[in-house]
Amino acid sequence: MRKDVRILLVGEPKVGKTSLIMSLVSEEFPDEVPLRAEEITIPADVTPERVPTHIVDYSEAEQSDEQLYQEISKANVICIVYSVNNKKSIEKVTSHWIPLITDRTDKDSRVPLILVGNKSDLVEHSSMETILPIMNQYQDIETCVECSAKNLKNISELFYYAQKAVLHPTGPLYCPEEKELKPSCIKALTRIFKVSDLDNDGILNDNELNFFQRTCFNTPLAPQALEDVKNVVRRNMNDGVKDNGLTLKGFLFLHTLFIQRGRHETTWTVLRRFGYDDDLELTQEYLFPVIKIPPDCTTELNHNAYLFLQSVFDKHDKDRDCALSPDEVKDLFKVFPYMPWGPDVNNTVCTNDQGWITYQGYLSQWTLTTYLDVQRSLEYLGYLGYSIIYEQESQAAAITVTRNKRIDLQKKQTQRSVFRCNVLGARGSGKSGFLQAFLGKNLQQQRRIREDHKSLYAISTTYVYGQEKYLLLHEVMPDFDFLSEADLACDVVCLVYDINNPRTFEYCAKVYKQYFIDSKTPCVVIAAKSDLHEVRQHYSLSPQDFCRKHKLHPPQPFTCNTTDALSKDIYTRLTTMAMYPHMAQADLKNSTFWLRASVGATVCAVLGFAMYRALLKQR
């Protein structure tokens with residue numbers, strides 16, 4: 001909403017512009033009227049809309065044309081004043097003032113006009129018959145008010161309508177010729193309806209209507225008032241009410257009715273509560289609330305955010321199969337201006353046998369977005385209406401900013417839930433296979449992935465000592481000379497080589513010696529394609545001797561060329577190392593660290609699956 005309103009009064013000499021302003025301020029008709037009133041500011045606390053209002057007078061006798069043009073360009077609303085007993089002043093509205101204002105304002109940002117018929121105390125008839133055709137001819141005219149500076153008739157109403165024309169304009173909402181809402185308004189109200197339809201049945205039931213009413217107007221509707229609203233819709237359309245709830249058509253009809261009855265502020269209150277600006281676009285402040293992220297800190301979703309996202313999933317999982325079909329995904333994102341997930345998402349998170357994103361995969365994708373690009377996550381939560389439904393100041397309330405990693409290392413413990421593993425290796429060494437195996441896809445399934453649907457990320461959950469954690473794998477492009485800080489910033493590193501290709505280990509050795517030999521980031525060497533024959537690597541040391549020399553754990557054999565269920569052990573070990581880098585550094589020389597991690601993971605995976613099944617039954 002605007003921070004202030006600037007009202008300009010123009011019109012022919014002697015029509016009473018200055019008298020109107022002075023009568024408003026002093027609440028009595030002035031004995032002496034100057035040629036022009038000084039600009040006055042009405043403080044916010046005495047205006048109905050709580051917005052400071054500046055009122056500016058124009059005098060042909062005191063001001064030049066250039067000064068008039070400047071005032072027109074600065075005005076938010078212009079009142080064209082005429083005298084109801086002076087036909088010439090009425091004619092000048094269309095012959096002079098409206099064309100002048102039109103020429104001096106930008107076509108895309110026309111200022112609203114209000115026609116003001118002053119001196120109504122001098123005549124017994126109304127000028128409305130003459131004015132109505134003018135109002136129908138010019139879309140920029142918001143309304144017409146007849147008033148009297150002498151009798152103080154409609155003075156405060158005049159300035160209230162002027163203020164309202166700026167704060168609650170009809171233009172963006174409604175087309176008077178067609179007598180219907182404009183497409184951009186229908187689009188915004190449709191999103192608001194879908195966000196408010198908490199069970200996604202296409203109807204706002206009494207609970208949802210009451211929640212909507214309380215959210216927008218801070219007061220619930222009495223049961224009788226609810227019935228009255230629905231009865232109004234029933235009387236005017238057949239499909240506006242269904243199963244005693246309001247349909248989208250009924251919801252849109254109500255807003256059309258509000259606007260037709262001059263209650264634009266009702267619709268604007270709703271639009272602004274749901275984040276819209278005067279152009280019916282979601283504001284930057286709504287979509288991107290300020291959130292400070294110090295260096296070496298990460299961003300995660302908190303408990304309330306996950307609860308909200310679970311409710312969104314439930315709302316759209318129509319067939320209750322704990323996965324989102326393409327149609328269900330499409331329906332979920334109808335409140336977005338674009339489709340945020342591409343086909344690569346199906347190769348970034350867990351999917352079911354049909355390739356549909358599972359409940360776990362859905363939460364994983366949200367976790368990934370929040371970790372990699374928190375601004376985008378805030379934007380997405382804004383489209384879904386998180387701050388409105390959870391009654392928070394903004395989506396920033398959904399985000400936890402973790403503490404600095406250095407403090408975690410010093411205290412030898414972490415509260416983080418998401419850990420990043422960068423996967424490095426020569427081209428063709430098996431990095432992509434390593435990522436996809438984490439999502440449960442064997443080599444045969446991976447071969448069916450289209451090239452343009454591949455992903456450089458894979459994220460899923462693992463269990464470490466009874467705690468569910470997210471492991472985020474990132475395949476780093478093997479451009480040795482151009483590894484950026486982002487390529488190196490992670491919690492644990494995987495160095496992958498192909499045991500069947502003699503030229504692949506050298507890359508791992510060079511990367512380790514140049515970038516990680518002195519870092520505190522734990523490193524693991526992965527001997528990929530372990531189902532194939534192992535050949536001697538073209539490097540001065542064998543992989544085993546290299547690991548022994550640098551006090552790394554022996555290369556871990558890995559293959560995804562199997563029809564058996566893929567083991568998650570290596571991923572649990574990586575997460576454990578990321579959580580406890582100090583232990584990984586100290587204990588990698590012996591096998592007890594791996595053993596503790598694997599046993600803990602197996603027990604917790606069984607427990608976790610049992611809890612997940614129980615949760616699904618409840619859902």
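The second largest pocket has a volume of about 1400 Å³. A pocket here is an open set of points on a 1 Å grid over the protein atoms alone, with protein on both sides within 12 Å along at least five of seven lines. Grid points are joined across faces, edges and corners, and a volume is the space filled by probe spheres set on the points. This is a predicted model, in which local features need pLDDT of at least 70 and side-chain atom pairs count only at pLDDT 80 or more, while totals for chains, interfaces and linings use all residues. Residues are numbered from 1 along each chain as its sequence is written, and side-chain values use heavy atoms, with hydrogens and water left out.

**Second largest pocket**

- The lining counts 45 residues, and Q139, E142, P169, T170 and G171 lie nearest the centre of the pocket. A lining residue has an atom within 4 Å of a point.
- Two or more lining residues come from each of α2 (65-74), α4 (128-137), β6 (141-146), α5 (155-167) and α9 (248-260). These elements are DSSP runs numbered from the N terminus: helices are H or I with at least four residues, strands are E with at least two.
- The largest share, four residues, belongs to α5.
- Sorted by class, this lining has 17 nonpolar, 14 polar and 14 charged residues. Nonpolar covers Ala, Val, Leu, Ile, Met, Phe, Trp, Tyr, Cys and Pro; charged covers Asp, Glu, Lys and Arg; the others, Gly among them, are polar.
- Both domain 1 (5-167) and domain 2 (180-281) supply at least three residues to the lining of this pocket.

**Domains and annotation**

- UniProt, in an unreviewed entry, lists residues 304-339 as "domain: EF-hand". UniProt positions follow the numbering used here, feature names are shortened, and annotations may be inferred rather than shown by experiment.
- Residues 304-339 are 56% helix and 6% strand, with 24 Å between the end C-alpha atoms.

**Cavities**

- Two cavities of 30 Å³ or more are present. A cavity is a set of points where a 1.4 Å probe fits but cannot get out.
- The largest cavity holds about 40 Å³ of space. V195, S196, E208, F211, F212, T215, F274, I388 and I389 line the largest cavity.
- Helices α6 (183-196), α7 (206-217) and α16 (386-389) each give at least two residues to that lining. The most, four residues, come from α7.
- Six nonpolar, two polar and one charged residues make up the lining of the largest cavity.
- The second largest cavity also has a volume of about 40 Å³. Its lining consists of I98, I101, T102, T105, R110, V111, L113 and D140.
- Helix α3 (residues 87-104) provides the largest share of the lining of the second largest cavity, three residues. By class, that lining has four nonpolar, two polar and two charged residues.

**Cysteines**

- The model has zero disulfides. The cut-off for a disulfide is a pair of cysteine sulfur atoms within 2.5 Å.
- Which cysteine sulfur is closest to that of C421? The closest one is in C494, at 3.8 Å, too far for a bond.
- The sulfur of C322 is 14 Å from the closest cysteine sulfur, in C350, and this too is too far for a bond.
- C421 is buried, at 0% relative accessible area. C322 also counts as buried, at 14% relative accessibility. Buried means under 20% relative accessible area, exposed over 50%, and partly exposed in between, with a 1.4 Å probe and protein chains only.

- Helix α23 (residues 569-579) is largely enclosed by the rest of the structure, because ten of its eleven residues are buried. Among them are Y571, R573, L574 and M579.
- K14 has a positive phi, near 70°, and is a residue other than glycine. K14 sits in the loop between β1 (5-11) and α1 (17-26), and is exposed at 73% relative accessible area.
- E391, not a glycine either, has a positive phi of about 50°. Its place is in the loop between α16 and β15 (399-401).

Methods. Domains from an automatic or database assignment.
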